[in-house]
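The following note sets out several points on the charged residues and backbone of the model shown below. Please read it alongside the sequence and coordinates.

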Amino acid sequence: MRLVFGLLLLTACRQNPPDSAQLPPQAELFLRQMQQALAAQRLAPALALADSVERYAPGWPDALFVRGLVYMQQRRHEAAAAAFRQVLERQPHYPGAWFNLGQNAALARRYREAIGYYRNELKLAEEVPTSPQTLAAVWAQMGSAYEQLARDDSARAAYAQALRLDSTYAEAHAGLSRLLERAGRYEEALRHAEQAMTLAPARLDYRYRVGALLVQLGRFAEAIPLLQTVVQHWPGHDGAAYNLGRALIATGRTEAGQRYLARADSLQQLTERLLHARRRTELQPDDPDAWSAYARLLMEAGYLDQAYTALQTALTLAPGNLALLSNLATLQLAMGDTTGALKGLQLLVRADSSFAEGWFNLGVVYAMLGDTGAAREAWQRTLRLNPEHEAARAYLSRLQ
């Protein structure tokens, strides 16, 4: 979400760049490709394309801005802050630079510092035309920082200001819902949570919040379908399993409910492993293995979008790593991107025809597409390269 918001600010700046020299024409194509790569969260190509832009336009603000976004995703907070400050040195009125300095500080848990940066972004908006939606996003992130500092009154005021600017800003409704729940005002919390879910129906975290609040209020039957959806898409979410178990038991489905409660207990271990893996990425942000391990656990828990970003981050640190590229293709397959998975695996085995796991995964994609001949050939190739590959042997036996 934060990276996407940063890209929106970057795009707006490119449409009407204040205080900026003309971009050399050789860099225009690279700039467009860089923006497209960032929009698709392909972080390694975005970083490489930023290099290409800077080759023709050293210190160009947009390239520096993208560097900052990627460094921030890598949890390289000092490098990210330096990149955003370079943007401001080159172009003091660059929209989004102060905001992302704030985001970077918040990710590093320096919330007071983040609030100061958000205020600088708001001051800039007094000089540079800024949409109400963008201002609402800044106020909402300020509210989140106040919330982390347990300054609930300030957080509530910031969220309210965000909604005055844009009453459809879902994140502000979600923030108010959290504060109201913490104050024990569950009915009001539910109203804001439902607003957030209505405005952003694809957000499973909003759906979960509504379901959990309905359980808190004893409205179990209404909660069940919402929580079932969350459990289906996020099988590793212990809170969703726990609340669904409570709701099922309360509506007389005791056996099913107890299964979910038992599942919630077992999922707490996965949640702890996820927190440990995330902490490892914070302590070792330059280690691609740390990001890869984190991505694997995110995939196990069903957080596929987050896993995709974690794998992309790993690839910025280890470009061309075959195991990471193979894992990325497997993840694309799980996300329903069969075309992307097929293309990636075909490129992978062309780059290294001796990589057995790449051939195995390629066979899986071919089988899903109904091309059993190509699947058989890929799995046979897998076994020639690795006779111990039991999964390939099992899949081949099913074709015969």
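Is Glu188 buried, partly exposed or exposed? Glu188 is partly exposed, its relative accessible area being 28%; the classes are buried under 20%, exposed over 50% and partly exposed in between, with a 1.4 Å probe and protein chains only.

1. Basis of the values. This is a predicted model, in which local features need pLDDT of at least 70 and side-chain atom pairs count only at pLDDT 80 or more, while totals for chains, interfaces and linings use all residues. Residues are numbered from 1 along each chain as its sequence is written, and side-chain values use heavy atoms, with hydrogens and water left out.

2. Salt bridges in total. The structure holds 19 salt bridges, each defined as a side-chain nitrogen of Lys or Arg within 4 Å of a carboxyl oxygen of Asp or Glu. One of them joins Glu188 to Arg185, with 2.8 Å from N to O. Arg185 is partly exposed at 37% relative accessibility.

3. The Arg67 pair. Asp51 and Arg67 form a salt bridge whose closest N and O atoms are 1.9 Å apart. Because Arg67 belongs to helix α4 (residues 61–73) and Asp51 to helix α3 (residues 43–56), the pair ties together parts 16 residues apart in sequence. Helices here are DSSP runs of H or I with at least four residues, numbered from the N terminus. Arg67 counts as buried at 15% relative accessibility, whereas Asp51 is partly exposed at 37%.

4. The Glu147 pair. A salt bridge also links Glu147 with Arg178, the closest N and O atoms being 2.8 Å apart. Glu147 lies in helix α8 and Arg178 in helix α10 (residues 170–182), so this pair ties together parts that are 31 residues apart in sequence. Glu147 is buried, at 9% relative accessibility, and Arg178 is partly exposed, at 25%.

5. A network of salt bridges links Arg109, Arg278, Arg279 and Glu282. Arg109 is found in the loop between α6 and α7 (111–124) and is partly exposed, with a relative accessible area of 47%. Although not a glycine, Arg109 has a positive phi of about 65°. Arg75, also not a glycine, has a positive phi of about 65°. Arg75 lies in the loop between α4 and α5 and counts as buried at 12% relative accessibility.

6. The positive patch. Arg112, Arg119, Lys123 and Arg151 form a positive surface patch. Patch members have over 30% relative accessible area and no salt bridge, and like charges are joined within 9 Å. The charge is placed at NZ of Lys or CZ of Arg. Arg151 sits in the loop between α8 (132–148) and α9 (152–165) and is partly exposed at 39% relative accessibility.

7. Arg85, in helix α5 (residues 77–90), is partly exposed at 36% relative accessibility. Leaving aside residues up to four places away in sequence, Arg85 touches Trp98, Leu101 and Tyr117, contact meaning heavy atoms within 4.5 Å. Tyr94 is placed in the loop between α5 and α6 (97–107) and is buried at 0% relative accessibility. The C-alpha atoms of Tyr94 and Phe84, 10 residues apart along the chain, are separated by 9.6 Å.

How values were computed:
Patch = residues over 30% accessible without salt bridge, like charges linked within 9 Å, V, L, I, M, F, W, Y side chains within 5 Å. Areas by Shrake-Rupley, 256 points an atom, 1.4 Å probe, with all protein chains shown as cover. Lys, Arg positive; Asp, Glu negative; His and termini not counted. Helix = DSSP H or I, 4+ residues; strand = E, 2+ residues; numbered from the N terminus.
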